[in-house]
Amino acid sequence: MKRALLDALLAARADKVPAALVTRLADGEQALILPNNVQGNAELAAAAQEAAQSVLRHDRPSTIETAEGPVFVNAFNPALRLVLVGAVHISQALAPMASLAGYQVCVVDPRRAFTADHRFPGVEVATEWPDDALARLVPDHRTAVVTLTHDPKIDDPALHAALKSEAFYIGSLGSTRTHAARLKRLAQAGFSEAECARIHGPVGLSIGAKSPAEIAVAVLAQITQVLHDGAAA
Amino acid sequence: MAETQASQDDVLATAAQWRDAGRGVALATVVSTWGSSPRPVGSQLVVDDQSRFLGSVSGGCVEGAVVAEALQVIADGTPRRLDYGVSHEEAWDVGLACGGKISIFVEKLE
């Protein structure tokens, strides 16, 4: 690997932009495919361009056959992120679980009493209103957003922002009845049925979860399922 | 993130640092797996010319053999593709008893 290519890859990591590193296995010739440009061997990049986009979208590095012979495409995607709206008991369990599973976690709650530092050691906590927080965080296709407050004043602005984003998962805590009322409010706010179908509610896989930690397991399991079902499609 | 293994970024940054320090450096990357294998495709290991390494390509099964090959790659600059699996007699010698096969690409950092 040429040093200039490694430096370009490290710069992409620092800038949090996706990068695909293409390696021709016969001789080690390489190209780096970035969102707006290509570094290294241009012919190799052109031959692998389509496969590289698929590898990045599904985050599945793989060896593929091309006009240039077998090439390996490695994926360097921005980190997975999880935005938890509501600094509640479920969040206290879900934040460390999601960290272990590789997510950068941000807990958002404008209610100061809920966000005292000792409740979320080592986790980023934002005390902005959710619409402001999500405008700053810009959820992308590697971001999950979960609302957990039950309070329309806090959850709804977060859902509006999440539905307008590329977030790969949107979940919202609440019973079937609460969720039906929520969908009605979203429809009144102008969101279509298809848009609202992106929201997983009641949130989490149905595993009989009762305690906050069990509900956190159910939510993280569902996020994982959506992440990988998307990859398998 | 509470991970004990080196992250992808740690491995890449370390490769650059070691090269800056004037050491010979090779990168090993898992390019294919079949059956069960402990580390996913894309996992990387960085090796220097003193056999120091960071990262993981198999969770400890074949790292020793990969490091030995990496020293050759650092010496002659020619990339190599290494295959390990239970179908090979030496698989047991290098310790890949988990029942999988892996293919690893080793290249020198120029």
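**Salt bridges and a cavity in a predicted model**

The model is a predicted one, and a search of the whole structure finds 16 salt bridges over all chains.

**Salt bridges between distant parts of chain A**

- Arg142(A) and Asp59(A) form a salt bridge whose closest N and O atoms are 3.4 Å apart, and the pair links the loop between α4 (130-137) and β9 (143-147) of chain A with the loop between α2 (42-58) and β4 (62-66) of chain A, across 83 residues.
- Arg81(A) and Asp140(A) meet through their side chains in a salt bridge of 4.0 Å, N to O, which joins strand β6 (residues 80-85) of chain A to the loop between α4 and β9 of chain A, the two residues being 59 apart.
- Here Arg81(A) is buried, with a relative accessible area of 18%, and Asp140(A) is partly exposed at 21%.

**A network that includes both chains**

- Arg3(A), Asp7(A) and Asp20(B) are linked in a network of salt bridges.

**The cavity**

- The structure holds 1 cavity of 30 Å³ or more, and the largest cavity has a volume of about 50 Å³.
- Residues lining the largest cavity include Leu21(A), Phe72(A), Phe105(B) and Glu107(B), and the elements that give two or more residues to this lining are β1 (19-24) and β5 (69-76) of chain A together with β5 (101-108) of chain B.
- By class, the lining has 3 nonpolar, 5 polar and 1 charged residues.

Note on methods: Residues numbered from 1 in each chain as written. Chains lettered and ligands numbered in written order. Predicted model: local features only at pLDDT ≥ 70, side-chain atom pairs only at ≥ 80, totals over all residues. Heavy atoms only, no water. 1 Å grid on protein atoms, 1.4 Å probe; cavity = no way out; pocket = protein on both sides within 12 Å on 5 of 7 lines; lining within 4 Å. Points joined across faces, edges and corners; volume = space filled by probe spheres on them. Helix = DSSP H or I, 4+ residues; strand = E, 2+ residues; numbered from the N terminus. Nonpolar A, V, L, I, M, F, W, Y, C, P; charged D, E, K, R; others polar. Buried < 20%, exposed > 50% of the residue type's maximum accessible area, 1.4 Å probe, protein only.
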